[in-house]
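Dear colleague,

My notes on its pockets, salt bridges and one hairpin follow.

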Amino acid sequence: MTDGGIMSDDEDDDAGLENKRVGLRPKDSVLYQVQLLFGYLMKSQKKFYDTMPLCKVLRGFDGQPLPIGEQQDVNEFCARLFDQLETNLKGTDAAKCIDEAFGGTIVAQMIAQETCQHKSEREEPYHTVSLTVKNKSTLTESLELYVKGDSLDGDNKWLCSKCNDKRAALRRTCFGKLSKYLILHLSRFEFDFNTMRRKKLNTRFEYPLRLNIEKYTREGLIRAEMEKAAEKAAKVAASKKKNENDEAEADADGDAEAEANGEATAADADVEDE
């Protein structure tokens, strides 16, 4: 600090490095504007906060300012926002906070449905997960469709790398590592070939206040499949047991009938002798 109370260049550089370390950025950075926004929401007595300063510093993937008056795809916007925040957070103590809060993995699976039963898996990172809402009325239905997968058969059979042969297979996607906070993106836009434009689906869509994601994870699907297989085996065993009991009863009835017929024949013979 100089005698006049003005910071020297070295002190200014040191302060800048310290601000960078703890995550403070210039006013034209997205991180600063997000910090300011949440600061106002937490501490201000105002009933609203003007987001225009944040909108002005947002940039598209081409580096150009986002058109403020144009509706953007929320999933693309979220991806771009996270990307800019991660860029601003590099070199700080909170450099991995986006991944720690919203990062997880999805698992792309190929599962043979015949003979070998081999499986191929590939994990991919995610911050958001997109779900189909067309012809669906609840979040549960969309999640069930997400993990249902497609059957590959005929000319589309999967080439098993372990067997080096084509197999009928199930191709599906499920959750691997779950994120701390899960962002589900509802895909409400589709392309209308009649108008050659995108249109938004405004159908009613319901979701529960509590959601158990375990059944849509890799472990949850394996557990459900094992339970289903055990239930099927139990039904087969019960059916087999019933058939055995029916056969035993039929044999017993046959023996009893034969014995009764034998006794009747013997009685007739005794009558003739008399």
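Which residues line the second largest pocket? The lining consists of Lys148, Arg172, Lys215, Leu221, Ala224, Glu225 and Lys228.

Before the details, a word on the basis of these notes. This is a predicted model, in which local features need pLDDT of at least 70 and side-chain atom pairs count only at pLDDT 80 or more, while totals for chains, interfaces and linings use all residues. Residues are numbered from 1 along each chain as its sequence is written, and side-chain values use heavy atoms, with hydrogens and water left out.

Pockets

A pocket here is an open set of points on a 1 Å grid over the protein atoms alone, where a 1.4 Å probe fits, with protein on both sides within 12 Å along at least five of seven lines; lining residues have an atom within 4 Å of a point. A volume is the space filled by probe spheres set on the points, which are joined across faces, edges and corners.

The second largest pocket holds about 270 Å³ of space. Helix α7 contributes the largest share of its lining, 4 residues. By class, this lining has 2 nonpolar, no polar and 5 charged residues (Ala, Val, Leu, Ile, Met, Phe, Trp, Tyr, Cys and Pro count as nonpolar, Asp, Glu, Lys and Arg as charged, and the others, Gly among them, as polar).

The largest pocket has a volume of about 490 Å³. Of the 24 residues that line the largest pocket, Val34, Phe38, Leu54, Leu81 and Leu85 lie nearest its centre. At least two lining residues come from each of α2 (30-43), α3 (52-57), α4 and α5 (97-102). The lining of the largest pocket divides into 20 nonpolar, 3 polar and 1 charged. Helices (H or I, at least four residues) and strands (E, at least two) are DSSP runs, numbered from the N terminus.

Salt bridges

The count comes to 15 salt bridges, each being a side-chain nitrogen of Lys or Arg within 4 Å of a carboxyl oxygen of Asp or Glu. For accessibility, buried means under 20% relative accessible area, exposed over 50%, and partly exposed in between (1.4 Å probe, protein chains only).

Arginine 80 and aspartate 83 form one of these, at 2.3 Å from N to O. The two residues are 3 apart in helix α4 (residues 74-89), and are therefore separated by about one helical turn. Arginine 80 is buried at 13%, whereas aspartate 83 is partly exposed at 30%.

Glutamate 123 meets arginine 218 in a salt bridge of 3.1 Å, N to O. Because glutamate 123 lies in strand β2 (residues 119-126) and arginine 218 in helix α7 (residues 218-273), the pair ties together parts that are 95 residues apart in sequence. Glutamate 123 is partly exposed at 45%, while arginine 218 is buried at 17%.

Aspartate 150 and arginine 171 also form a salt bridge, with their closest N and O atoms 3.8 Å apart. Aspartate 150 belongs to strand β4 (residues 150-152) and arginine 171 to strand β7 (residues 169-175), so this pair ties together parts 21 residues apart in sequence.

Hairpin

Strand β9 (residues 189-192) pairs with strand β10 (residues 197-200) in the antiparallel sense over 4 bridges, where pairing requires that DSSP finds at least two bridges between two strands. Phenylalanine 189 stands opposite lysine 200 in β10. The two strands form a hairpin with 4 residues between them, and methionine 196 in the turn has a positive phi of about 55 degrees.

With kind regards
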